[in-house]
Amino acid sequence: MIALLTYIHRSFLRSYRYGAPTVIYVGILLLIYSTVPNPIMESYAFTSALLFVVAAAIGSLTIDGETANQEMATLAHARSIVRLGAAKLLYAWIFASALGILAVLYPTLLGRFERMPDLEELVMGVLYHAALAALGVSLSGWFSVKLIYSRFYAILGLCLWVALGLGARGIADALPDGLSGLIHLLPPVSLTMHALTAYGELSMGAKWLPIAAAVGYAFLSTALFLIVLNRKKLDYPGE
C-alpha cells in the first residue's frame, strides 16, 4: 500500500491537478486572516467547512486523475480496482488533511487569533478539519466516472451533494416533521459547524460527537462505494 500511495503521490503532483483547489484554499486562508483579531473556533468552523468542499474536489481529481491507459497499468500492479480506489481515496484524505493542519497552525503561529489557542483547541481543530476532509473525500468516489460515466453529470452530482451537506440544517427546518429523518442521509457538515461555533458551551461528549458522526459517515460511505465498485465486476480479472 505504501508503494501504491507513493506512486499516486508522484502521479498527482506531476499532473498539477492539486493546483486549483490548493491555491483556492490557501488564498482564502490568507484573505480571512489578513485582518485581526479572529475568533478561534468560529474561524475553524469556516475553514473546516471550506475544507469539506476542497477535499471533495481533491478526491474527485485523484480518483479520476489517470487516463484509461495509465489506470490499466496501475491496476496491473495494484491487482484490484478496489485496492486502487481505496488507495486513491486514502491519499486524497492525507493531502486534504495536510491543508487542514495548515488552516489550524497558520493563524496560530502568526498570531491572527484574538488569543493564543490552548492545546485542546488546537487538537480539536485538527481533528475537526481531518474529519471533514474524510467526509468530503468519501463523497467523491460516488461521483467518479467509474460509476457515472459522464464526467459532466459526475461533477454536477458531487457539487449538488456537497451543497446539500452544507445546507442540511436549513433543509431540516424546511422539511415536514414526517420527512425530517431524511436529513440523516446527508453529510453531517452542519453538525460540526454548529459544534465549533458553540464550542465553549458544549460538554466534552458533545464536542466529540460531530467528529464521530463525520468519521462514521465517511467510513460507511467509502466502504459502500468500494463494495459497489467490486460488484460492478471491475476488479482485476486475474485476482
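What you're looking at is a predicted model, with 10 helices and 0 strands. Of its 239 residues, 44% count as buried.

**The overall picture**

- Walk along the sequence and the pattern reads α-α-α-α-α-α-α-α-α-α.
- The protein exposes about 12,000 Å², and carbon and sulfur atoms supply 70% of that area.

**The main nonpolar core**

- In soluble globular proteins, nonpolar side chains tend to be buried together.
- Here, the largest nonpolar core has 58 residues, and the ones with the most contacts inside it are Y25, Y44, F52, I58, L99, L135 and F225.
- Two or more residues come from each of α1 (2-15), α2 (19-32), α3 (40-63), α5 (81-109), α6 (119-140), α7 (151-166), α9 (189-197) and α10 (204-231).
- Setting aside residues up to four places away in sequence, Y44 touches A103, V104, T108, F113, P117, E121, L122, G125, H129 and L196.

- Helix α3 runs for 24 residues and spans 33 Å from its first C-alpha to its last, close to the 34 Å expected at 1.5 Å a residue.
- Of those 24 residues, 19 are buried, so α3 is largely enclosed by the rest of the structure.
- Most peptide bonds are trans.
- The one from V36 to P37, though, is cis, with omega near 0°.
- You'll find P37 in the loop between α2 and α3.

**α2 against α5**

- Two packed helices are described by the angle between their axes and the distance between the axes.
- For α2 and α5, the axes come within 11 Å and cross at roughly 10°.
- That angle makes α2 roughly parallel to α5.
- On the α2 side, T22, Y25, V26, L29 and L30 do the meeting; on the α5 side, their partners are F95, L99, L102, A103 and Y106.

**L89, a residue of α5**

- L89 lies in helix α5 and counts as buried, at 4% relative accessibility.
- Its C-alpha is 6.1 Å from that of G59, although L89 and G59 are 30 residues apart in sequence.
- Leaving out neighbours within four places in sequence, the contacts of L89 are I63, V137, S140, G141, T222 and F225.

**α10 and its cover**

- Helix α10 has 28 residues and reaches 41 Å from its first C-alpha to its last, close to the 40 Å expected at 1.5 Å a residue.
- Its buried residues are K207, P210, I211, A214, Y217, A218, S221, F225, L226 and L229.
- Helices α3, α5, α6, α7 and α9 are among what covers them.

**Y217, a residue of α10**

- Y217 sits in helix α10; its relative accessible area is 18%, and it is buried.
- Under 20% is the cut-off for buried, so 18% qualifies.
- Not counting residues up to four places away in sequence, Y217 touches L135, L139, W161, H184, L185, L186, P187 and P188.

Terms used: Residues numbered from 1 in each chain as written. Predicted model: local features only at pLDDT ≥ 70, side-chain atom pairs only at ≥ 80, totals over all residues. Heavy atoms only, no water. Core = buried A, V, L, I, M, F, W, Y, C linked by side-chain atoms within 4.5 Å. Buried < 20%, exposed > 50% of the residue type's maximum accessible area, 1.4 Å probe, protein only. Helix = DSSP H or I, 4+ residues; strand = E, 2+ residues; numbered from the N terminus. Contact = heavy atoms within 4.5 Å. Expected span 1.5 Å × (residues − 1). Areas by Shrake-Rupley, 256 points an atom, 1.4 Å probe, with all protein chains shown as cover. Axes fitted to C-alpha atoms, helices over the stretch in contact; angles between N-to-C directions. Parallel < 35°, antiparallel > 145°, perpendicular 65-115°, else oblique.
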